[in-house]
Amino acid sequence: VAKILYCFANTFRRVPRNRSTAPKAISATNEEFVFSVNLEFREDDGKGGYSLCPRDKNVFKLRCSLDKKLTLTVQQTGSKQLKIERCFGLLLSPGRNVKHGDMTLIEKTSMGYTAEDGIYSITGTWDPTEASFAVLNTETPHDTRVFMTVAIDLVIVGIQEPVRFAIETKAKVFPATEKFWYFMNKPHTELFHLKLKQVEGQNGEVGHEVLGVTSQTELDRKKGGLTLPLSQVKFPAAEIETPQEAPEDLSDGDEPLLSGSGNVSKEITDENLLEAWRDVLKKWHQNLTQKPKQVTQLSRKGVPEALRGEVWQLLAGCQNNTELLEAYRILITKESPGEAVIQRDINRTFPAHDFFKESGGIGQESLFRISKAYSVYDEEIGYCQGQSFLAAALLLHMPEEQAFSVLVKIMFDYGLRDFFKNDFSVLHLSFYQLERLLQDHMPELFDHFLQMNLEAHMYASQWFLTLFTAKFPLFMVYHILDVFLSEGRNTLFSIAMALLKVSRKDLLALDFEGILKYFRVQLPKRFRTEEATSELMQVALNLKIRGSKLKKYEKEYQAIKEQEMQQEDPLQRYERENKRLMEANIRLEQENDDMAHELVESKLNLTKQLDQSQDLSESLTRELMTTKKKLLETEEEKQRLETESAQVKEMCRRELERLETDNSRNSVIITDYKQICSQLSERLEKQQTASKTELRSIRDQVKGCENCSKLFEPDGTVRIPEPKVDPGSFEPQNSRVRKTTLGN
């Protein structure tokens with residue numbers, strides 16, 4: 001926030017004039033001014049200063065995580081000069097062709113003219129560790145580089161709106177400890193052509209309105225582009241009806257659709273179609289040498305996904321081809337000179353499909369073996385970039401051996417390998433035929449491409465070399481292969497023309513860069529639904545491109561080539577070769593840029609995943625340590641409980657022994673007691689018997705005594721007579737008793 005506020009404070013030091021009134025043009029003559037802008041970077045040297053960043057082959061060498069300072073100098077060439085009032089903003093972003101809104105504002109430290117040489121200098125600093133500069137702060141792999149864009153918005157006296165100069169340059173990022181011993185210290189220079197138109201303001205002041213800003217690099221690129229080979233020849237054009245526009249694009253951004261996208265269901269909703277295929281296959285298997293007549297019409301409707309593996313093998317004529325199957329098992333054991341290229345390509349083949357997504361997984365290993373086997377089988381052309389996409393589409397429907405057999409048949413019997421032979425002469429012929437078809441069927445689109453210097457190879461190379469398998473959704477890829485295997489190579493022209501036909505209105509409204517981006521991004525996304533693909537195939541099959549017409553175009557192409565060879569002098573040949581090399585260089589640069597971008601993004605993703613894995617590892621390590629600690633505590637508790645248990649057992653054993661001893665002693669005592677009680681009982685019984693006998697004897701004696709018998713009742717109880725007390729003698733008796741007691 002502080003940086004942004006500081007930049008805006010510097011920017012709005014002076015209030016601009018009121019420009020709300022619409023200007024009025026006062027001259028029909030446009031003026032052009034040329035500005036030379038120099039760019040250089042400096043890095044923190046760790047000593048309180050900044051050292052110059054080197055350049056090697058127009059590539060800046062930067063180091064990670066070091067504060068950087070950039071300096072731009074603007075100098076105007078020519079006699080008529082424009083005065084720069086101030087720099088409105090200094091912006092930076094990784095990549096090229098960057099949108100204005102995607103650039104990041106960086107802090108300006110100084111701006112203004114230096115001395116009296118007419119050079120305007122702007123200096124700013126930026127922290128590469130910010131998230132928006134992650135690509136420019138990540139070490140780039142070997143032999144790759146990244147693009148960066150630096151832009152300045154200048155407020156120029158007499159021009160109503162700020163003028164933006166955007167410089168695209170390349171950079172390679174090294175570790176912070178990297179040492180550079182030799183380098184070029186010249187700054188990066190770019191020329192900008194500013195076109196202005198004079199206008200009259202509200203107060204009668206003469207000002208300028210910006211018509212356009214074009215860099216010299218862009219002009220050189222347009223001049224270096226090849227023209228269509230048809231520009232010298234005029235052919236009659238045939239008007240045809242324009243088809244209905246395809247459904248709205250489902251695009252969700254500027255990122256291209258990944259190859260292998262889209263889910264293809266194996267469910268069959270049309271029972272009649274399934275029944276028709278069942279009858280055809282039954283008849284076909286009875287005679288493999290003759291294709292049933294219904295196959296062509298059924299293939300145009302699309303082969304059911306569950307039957308594609310079997311039908312494709314039948315269409316290619318390799319059903320039960322034991323020779324190719326045995327050859328494949330031998331070929332996979334041999335080495336191929338293109339293994340490194342194959343390994344690189346399979347990592348970019350169908351990345352959106354789960355079967356090929358995992359690096360080193362089953363899908364990628366199978367794809368590597370098929371590609372290697374074919375490169376050994378066809379030594380003339382070997383492995384060519386793009387073959388892996390076709391092999392991957394086949395591998396999703398059949399085992400490796402069968403997929404290899406179908407690939408060989410497509411390359412040889414269907415003539416796909418001819419595209420790769422003899423310096424791609426057949427491929428260039430196909431481009432010419434496509435352009436002639438475009439001129440005959442859609443002349444307005446042909447003229448538009450001609451004005452844009454857009455050639456067929458710029459958009460159709462990948463279509464023809466990969467059979468449309470590289471960028472389009474799988475549902476469309478499979479349907480194209482259905483028709484291609486059924487009807488042959490001329491199907492490619494029908495599909496290409498159909499794509500151009502349904503996109504005609506969109507293409508007519510775009511410029512060169514927009515058209516290329518449309519082919520790369522928007523066009524594949526239009527066919528992510530089954531309905532859109534079916535409509536496209538219907539348009540393609542209705543075009544009726546005859547083989548005789550293609551033969552005619554082939555003769556024209558050969559005649560033009562012969563005429564060019566007769567008329568061409570060595571200088572023209574060298575120029576043509578130079579243009580071809582420039583075109584190849586541009587294409588390779590684009591591929592290299594895409595690869596570098598993918599590598600950097602992959603490295604960032606891998607770094608992020610590594611950080612997450614490290615965090616997870618640390619978390620699991622902490623959990624493991626906690627678990628080990630708990631386990632140790634549990635083991636100690638177990639040992640303590642085992643010790644206590646042993647002590648309790650020992651105590652119980654001793655107590656049990658004591659109780660057994662006491663029980664034994666008590667048993668002896670009880671036995672003795674019982675014996676004593678028994679003896680006492682016997683003695684008591686004897687005594688009772690003796691007492692009873694003696695008592696009877698006494699009773700008998702008492703009964704025998706007359707006086708004594710009166711003392712007993714008849715039942716033998718003692719009779720006690722009531723005492724008779726004399727009242728008169730009571731007291732003396734008591735006195736006697738008392739005396740007796742006292743006397744005692």
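Which residue forms a salt bridge with Asp-418? In this predicted model, the partner is Lys-421, and the closest N and O atoms of the two residues are 3.9 Å apart.

**View 1. The salt bridge between Asp-418 and Lys-421.** Welcome to the pair that answers the opening question. Asp-418 has a relative accessibility of 24% and therefore counts as partly exposed. Its nitrogen-bearing partner is Lys-421, with 3.9 Å between the closest N and O atoms.

**View 2. A network built from Glu-650, Arg-653, Arg-654 and Glu-657.** Here, salt bridges with shared partners bring these four residues together as one network.

**View 3. Arg-369 meets Glu-400.** The side chains of Arg-369 and Glu-400 form a salt bridge, at 2.5 Å from N to O. Arg-369 sits in helix H9 (residues 362-377) and Glu-400 in helix H11 (residues 400-412), so that distant parts of the chain, 31 residues apart, are linked by this pair.

**View 4. Arg-86 and Glu-85 side by side in a salt bridge.** The closest N and O atoms of Arg-86 and Glu-85 are 2.7 Å apart. Arg-86 has a relative accessibility of 5%, so this residue counts as buried. Glu-85 has a relative accessible area of 23% and is partly exposed.

**All views.** Side chains of opposite charge can pair when their charged atoms come close. The pairs shown here belong to a count of 33 salt bridges.

Definitions and conventions
Residues numbered from 1 in each chain as written. Predicted model: local features only at pLDDT ≥ 70, side-chain atom pairs only at ≥ 80, totals over all residues. Heavy atoms only, no water. Buried < 20%, exposed > 50% of the residue type's maximum accessible area, 1.4 Å probe, protein only. Helix = DSSP H or I, 4+ residues; strand = E, 2+ residues; numbered from the N terminus.
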